[in-house]
Structure formats: C-alpha cells, structure tokens
Amino acid sequence: MTLLRSAASRALLALSLALAGCAGQAAAPPQPLAVQPVALPLSAELGPVRAVADDGRRVVLFHDGAAAVFVDGALARVERAPHRWVGAAALPAPDGHGTWIVGVDAEGRLLRLPGQGALEPVSDRYGLERAPVRAALGLGGGGAAFALDGELAVADGATVTRYATGPLATFAAGGGRVAFALGDGLRALDVATRALRSYPLPDGPAPLLAVTGAGRLLAATPAALYEEDAAGVLRLRLRASAALHGLAVSGDRVWFADGDELGVLDGTGARETRGARLPRGGELIGSPSGDVWLLASGALRRFSAGDGDAAPAWDDLAPVVARACAPCHLPGGEGGVDLSTPAAWTTTTTTTSLRESIARRVLEERTMPPPGRALSEADRARIRAFLGRMRPAKP
C-alpha cells in the first residue's frame, strides 16, 4: 500500500488576498433548452439513493447499506456494506494510476469500490487516516480536495496539505483550484501556487459554487449566476427566472437549476427548459460525459442536453469530436483514421465502411471512445444523426 509521504503539512489561510471585482452587466434572458432523460435500471429494493459518482463508463449509486455498480448503462453488481453514505466522488488514485470511485460515509471514512471485490477503507491512502472527511472532490489533472471539520485538505499523491478554514458552507474543485464559501464571502485557492483570491458578490454570499476543468469559477446566489472571466472578475451571466438552487460542471457543460427548470450555460449564453417541472430541492451532480444527475429526496434522474430531431451540422458535432475523438483521430494520429474535419468523414474511398465502423463501435458495441473520453447519450444521438445525413463528397 502506497502511503502519502507527508502526514499533514499545515498552512494557515493567512495568505494575501487579491480582491476581484464583480461586474453586474445585463444578462440576456435564457433561450429554450431541450433535454432528454437517460434511463438507468434502478433497483427499488435498494431504497433511496444517497450519492452518485461516475467516471464516464462506470457509475456507482450509493444506497444505505449497498452500492450498485453500472458499466455502460447496465447493472454489473451490487455490493452490500453496512454504511450510511453522505457523499461520493471519482478521484485520481493516490499512486497516479487510474480513477477510484469512493464513497464518504456518515462516520467520515473514505471507502473505495474496486472493479471487483468488497469496499475497502482508503482514507490513509490520501493521508487522512485520523481526519473525518465530510466531502471529497477531484481537482482535475490529478489530486483531490477534501472538506474536513474546520479544514480543507489537498492531496496530490505525494503530500497532503491542510488549510485551517473554519466550517465551510460549501466548496468546489477543478482545474487545479479549490473554491469555497465562508461566512464573509468567496475564496479560490490555486493549489500549485497557494495563491488565494477573494470575490465579493453584490447580492450576498454564494451558496452554490463550481469550478470548470480550465479552473474557471462559477458562483450562484438564488438571484443570479456569475462566471469568472480571463481577468479574474465575476461577470453576471444569468438573472434567475425563479431561484437558482443547483449548479454543476459536467465535462464541457455547466448545468444549473432555476426553479423547476433545468439549464445549460456555455459560450453562447444560457438556455433553459420550458415546463420541466423538476423538484426544487434537488441537487445537481456533474458527470464527465456531459450529462447531469438530479438527486432529490433519494430519487435519482439523469439528463442529456438534446437538440430535438434536427440532424446536426458539423459545427454541432465538432465539439464532441474534439473532446472524445481528436486525441487519437487527428491526421497521422495513433488511431490511424482522421476524423477531425467533415471532409475526413465524407471524401475517403472507404466512406461507407467508415460510417459502418463508427456506427458499430461507437453506437452499438460502445467500445469507442476508450475509457476516460466518455460520450453522453446526447453525444451519441448527434453522431447517429450526422452519420444518417452524410453524403460522400464528389471526388
């Protein structure tokens, strides 16, 4: 068992604060959003869901006394264990090899659910064997952050650093940053440099925080949603139609809940559903696939952002290709087939067999893309529609 080399190097949060302004320019009203529910064969006999975590291909639902494991949407096994769960997360393994799905139980213990076998305690693997953990989050690109009793802990696989914060109202992590709310406002800690930034909000402290994979902070009050710009200023992106009560980063999407509607924020603005009638007390939980989980009173639902029946143009499909395909399927890439441009999909002499291969491996067998580059059901629907509308270009 690989142990962290430093049990706990403590650093007080008496770091210099760089005050960042909060810009309140007008925000355009949200455009309509279509979402698609994603079915999951839940087992009623396991009781209410307390937490969920997924790594794109594997999903684990934590019920009191059990953990249900799904692989590629199918129930693979149920692991029975006498734990009451308060949280879960997909975290980088302490040795840097792979991703662990862990649950946080009511006693403050971290327990890992391996691919096979029983749950095993792993608090000591993150250097937290004597510290009750209340919540855990991946930092993105390696490392994990943990909310303790009055402290924030950051583990990078070699050391664990604790920061005396006092009780945390909420915290979020991503892109090598940890954001948290204290009684007097917001803070964001850059893990690599230990630089701390403070953000005032014009309409009170933010009960909801999120950090994107690029390290960009988002903060929501019931009245408004703000997003950090390149200068480190929180910019107004959305005025709530009702009241914001959910916020989550899922892959390259930001999801929010506004009253009983679900919304997505991206570079073009905000979009919201019309008539979704979601429970207002639900929690949004991100997925690396781009989908979002909604957990409310023990009931779990999953949604994908959809585009109705319209067949997408290349501009709609390009972000999916860039995220899931391009790492291997650029010109000269290790995948051997270029999928980076519309011409690459339509002008080769083997276009028909290429379309058939993509449909089989991506849509039917789901052996592509490889683990770590998951596709949502909405992504697959876009690929299916694009394949259906493709016509080989004339030579």
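Contact here means heavy atoms within 4.5 Å. The model is a predicted one. By that contact rule, and leaving aside residues up to four places away in sequence, Val 133 touches Val 104, Gly 108, Leu 110, Leu 128, Phe 146, Ala 147 and Leu 148. Val 133 belongs to strand β14, which covers residues 133–138. The relative accessible area of Val 133 is 0% and the limit for buried is under 20%, so Val 133 counts as buried.

How many aromatic pairs does the structure have? The count is three. In one of them, Phe 62 and Trp 85, the ring centres are 4.9 Å apart and the planes stand at 65 degrees. Planes over 60 degrees apart count as edge-to-face, and therefore this pair is edge-to-face. The pair links distant parts of the chain, 23 residues apart, with Phe 62 in strand β7 and Trp 85 in strand β10 (residues 85–92). Are these two residues buried or exposed? Both Phe 62 and Trp 85 are buried.

Strand β10 leads on to a sheet. Four strands form an open sheet in the order β10-β11-β12-β13, and their pairing is antiparallel. β10 and β13 (120–121) are the edge strands, each pairing on one side only. Within this sheet, β10 pairs with strand β11 (residues 99–105) in the antiparallel sense, over seven bridges. Ala 89 is found opposite Val 102 of β11.

A search of the whole structure gives one cavity of 30 Å³ or more, and the volume of the largest cavity is about 40 Å³. Which residues line the largest cavity? The lining consists of Pro 41, Leu 42, Ser 43, Leu 46, Leu 61, His 63, Ala 68, Phe 70 and Leu 75. At least two of the lining residues come from β7 (58–63), and at least two from β8 (66–71). Sorted by class, seven residues of this lining are nonpolar and two are polar, with no charged residues.

How values were computed:
Residues are numbered from 1 along each chain as its sequence is written. This is a predicted model: local features need pLDDT of at least 70, side-chain atom pairs count only at pLDDT 80 or more; totals for chains, interfaces and linings use all residues. Side-chain values use heavy atoms; hydrogens and water are left out. On a 1 Å grid over the protein atoms alone, a cavity is a set of points where a 1.4 Å probe fits but cannot get out, and a pocket is an open set with protein on both sides within 12 Å along at least five of seven lines; lining residues have an atom within 4 Å of a point. Grid points are joined across faces, edges and corners, and a volume is the space filled by probe spheres set on the points. Ala, Val, Leu, Ile, Met, Phe, Trp, Tyr, Cys and Pro count as nonpolar, Asp, Glu, Lys and Arg as charged, and the others, Gly among them, as polar. Rings of Phe, Tyr and Trp (its six-membered ring) pair if their centres lie within 6.5 Å; planes under 30 degrees apart count as stacked, over 60 as edge-to-face and the rest as tilted. Buried means under 20% relative accessible area, exposed over 50%, partly exposed in between (1.4 Å probe, protein chains only). Two strands pair if DSSP finds at least two bridges between them.
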